[in-house]
Amino acid sequence: MYRFSNTVIGFLNLFTLLASIPIIGAGLWMAKSSTTCESFLQTPLLIVGFVILIISLAGFIGACFNVVWALWVYLVVMLFIIAALMGLTIFGFVVTSQGGGQEVAGRVYREYRLEDYSPWLIKRVTDPQYWKTIRSCLLNSKTCAKIALWTPLDYVNNVMTPVQSGCCKPPTSCNYNMVTMVAQNPDCYRWNNAPTVLCYECDSCKAGVLESVRRDWHKLSVLNIVMLLLLIGIYSIGCCAFQKHQKS
């Protein structure tokens, strides 16, 4: 029974270690994304993934060499990790539940309004220092350069990413051809043709960044839920095996 329990715990730690790889990979994928330039969700995901990796190694060593304190550390810390991953997943769902953009008549792309997103996200992107970092990242990503040579027909027929829609052009409703007494979207006055200015200071640009974050997080939510269920299952079996190990 002693050898069986140790073997079970060892294999469970190995599975947990392997489970950390998709979590780390998902965080790196978001961090490398050239369309969001926003790291508030992927950074905690990376931290959770690396902690799982380290703790799994500790548990694996404890099971192989019968280091009881390492097994205790593994079980206690893994419980907190499961709670953290669950909290991160729920928090991500809550703050990214709003948005989605609005259809534009005669266009295949959508446009995005900052006020459609959660107050927590809005507070982050409207912070001048924080937005300065994101703006610099957007400029380096060359996202707008990809559509710089588009013709008016291209804007009618082609799909744009949320960042391109919000940062690389003025809102479609803007009227620059004649003097109008009708109040326009404030972003219409923030727009500038200079490649380093464009609409990077527009609310629509901030909304485009948040929409990209929302879409990326929803793609990762499926992985998060699967990993969470897997970790809970592994942890439950591990607790049972550890109890038998203690009794033997």
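Helices here are DSSP runs of H or I with at least four residues, strands are runs of E with at least two, and both are numbered from the N terminus. This is a predicted model, so to speak of local features we need pLDDT of at least 70, side-chain atom pairs count only at pLDDT 80 or more, and totals for chains, interfaces and linings use all residues. Residues are numbered from 1 along each chain as its sequence is written, and side-chain values use heavy atoms, with hydrogens and water left out.

The protein has nine helices and two strands, in the order α-α-α-β-β-α-α-α-α-α-α from the N terminus.

Buried means under 20% relative accessible area, exposed over 50%, and partly exposed in between, with a 1.4 Å probe and protein chains only. Of the 248 residues, 44% are buried.

Leu-229 sits in helix 9. Is Leu-229 buried or exposed? It counts as exposed, because its relative accessibility is 59%. Its C-alpha atom lies 9.7 Å from that of Met-86, a residue 143 positions away along the chain.

Now the cores. A nonpolar core is a set of buried Ala, Val, Leu, Ile, Met, Phe, Trp, Tyr and Cys residues joined through side-chain atoms within 4.5 Å. The largest has 27 residues, and Trp-131, Leu-138, Cys-167, Tyr-200 and Cys-205 have the most contacts inside it. Helices 4 (119–125), 5 (128–141), 7 (162–167) and 9 (203–247) each supply at least two of its residues. Helix 9 gives the most, with four. A second, separate core has 22 residues, among them Leu-75, Leu-85, Leu-88 and Leu-220.
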